[in-house]
Amino acid sequence: MTARAGRKSPGPARILIVDDHPIVRQGLSQFIAQTEDLRVCGEAGDAREALEAIRKTLPDLVIVDLSLGSASGLDLVEELKAQAPKLPILVLSMHDETLYAERALRAGARGYVMKDRPIDEVVTAARRILRGEVHLSERMSARLLQKLVSGAPQATDSLIGTLSNRELQVFELIGQGFGTRNIAARLHLSVKTIDTHRENIKHKLSFADSVELHQHAFLWVQRMPKPGVR
């Protein structure tokens with residue numbers, strides 16, 4: 001994959017938006033269009049469309065949602081990092097930053113903004129990342145700094161944070177009401193693999209049985225902010 005190596009060309013920086021909600025893409029595009037230094041060069045609703053759009057539009061920065069239908073935005077970030085290591089990525093997600101921001105940075109993103117933040121923060125983050133900086137909220141920056149200084153996770157870290165990226169994805173799909181076979185089909189994995197993930201989740205979160213797993217997963221999903229940008 002060909003990708004731009006930093007901002008070398010004159011004119012507005014080219015932004016590609018990857019989100020499976022058209023209304024989010026439209027809202028972001030309209031807001032970015034009001035700026036002088038940024039412009040949207042393309043949109044994509046899933047990982048496949050994103051990879052194709054990147055090849056065609058050669059963006060300077062990609063804004064990626066973590067929930068892309070049946071796919072994981074973290075998987076896309078990792079793939080983009082492998083194929084175009086110099087392409088900056090900003091994650092925009094409804095998921096709690098305390099659980100997902102560090103995962104996104106490890107995958108290769110340069111910033112993380114939650115969807116319940118004002119929309120102008122996305123532009124601020126994009127500009128910062130295009131300058132070669134990293135963008136996180138003050139709360140998340142302090143949290144990661146404390147973790148670095150102490151050399152260990154904070155005592156307040158949620159047990160859910162012990163789940164791997166794939167286990168977390170399975171946990172969320174369980175909370176959305178998908179059964180094992182449906183999850184396996186959506187993630188292109190075997191039923192046996194999903195069963196293994198389920199057992200690992202129950203063990204890590206100390207759930208007694210599948211009923212408790214489903215109850216907690218459902219409640220966790222219900223507490224998530226609804227998709228949207230304001």
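Modeller: Leu-58 is partly exposed, with a relative accessible area of 29%, in what is a predicted model. Leu-58 sits in the loop that runs between α2 (47–57) and β3 (61–64). Its phi is positive, about 50°, although the residue is not a glycine. Most residues other than glycine have a negative phi.

A second residue of this kind is Ser-206, which is not a glycine and has a positive phi of about 60°. Ser-206 is found in the loop between α9 and α10. Its relative accessibility is 58%, so Ser-206 counts as exposed, because the cut-off for exposed is over 50%. The C-alpha atom of Ser-206 lies 9.3 Å from that of Leu-159, although the two residues are 47 places apart along the chain.

Start with helix α7 (residues 165–175) and helix α10 (residues 210–222), whose axes come within 7 Å and cross at roughly 90°. An angle from 65 to 115 degrees counts as roughly perpendicular, and therefore α7 and α10 are roughly perpendicular to each other. On the α7 side, the contact is made by Leu-168, Phe-171, Glu-172, Ile-174 and Gly-175. On the α10 side, the residues making the contact include Leu-213, His-216, Ala-217 and Trp-220.

Helix α7 also packs against α9, at an angle of about 90° and with the axes 10 Å apart.

His-197 lies in helix α9. Leaving aside neighbours within four places in sequence, His-197 is in contact with Arg-166, Glu-167 and Val-170.

Helix α9 (residues 191–204) has a further partner in helix α8 (residues 180–187): the two pack at an angle of about 110°, with their axes 9 Å apart. That angle lies within the range for roughly perpendicular, and therefore α8 and α9 are described that way. Their crossing is right-handed. In this pair, Thr-180, Arg-181, Ile-183, Ala-184 and Leu-187 of α8 meet Val-191, Ile-194, Asp-195 and Arg-198 of α9.

Not counting residues up to four places away in sequence, Phe-171 touches Ile-160, Leu-163, Ile-201, Leu-205, Phe-207, Leu-213, His-216, Ala-217 and Trp-220. In the largest nonpolar core, which has 49 residues, Phe-171 is one of the four that touch the most other members, together with Val-18, Leu-76 and Tyr-112. Apart from this core lies another, of 19 residues, among them Ala-13, Ile-17, Ile-63 and Ile-129. In soluble globular proteins, nonpolar side chains tend to be buried together.

Arg-25 lies in helix α1 (residues 22–32). Not counting residues up to four places away in sequence, Arg-25 touches Ile-17, Asp-19, Asp-20, Glu-43, Ala-44 and Gly-45. Ile-17, in that list, is one of the residues in the 19-residue core.

Last, the setting for these parts. The chain has 10 helices and 7 strands. Of its 230 residues, 46% are buried. Among contacts between residues at least 6 apart in sequence, 67% join residues at least 24 apart. The chain exposes about 11,600 Å², and carbon and sulfur atoms supply 52% of that area.

Methods
Residues numbered from 1 in each chain as written. Predicted model: local features only at pLDDT ≥ 70, side-chain atom pairs only at ≥ 80, totals over all residues. Heavy atoms only, no water. Helix = DSSP H or I, 4+ residues; strand = E, 2+ residues; numbered from the N terminus. Buried < 20%, exposed > 50% of the residue type's maximum accessible area, 1.4 Å probe, protein only. Contact = heavy atoms within 4.5 Å. Areas by Shrake-Rupley, 256 points an atom, 1.4 Å probe, with all protein chains shown as cover. Core = buried A, V, L, I, M, F, W, Y, C linked by side-chain atoms within 4.5 Å. Axes fitted to C-alpha atoms, helices over the stretch in contact; angles between N-to-C directions. Parallel < 35°, antiparallel > 145°, perpendicular 65-115°, else oblique. Left-handed = near helix turned anticlockwise from the far one by under 90°.
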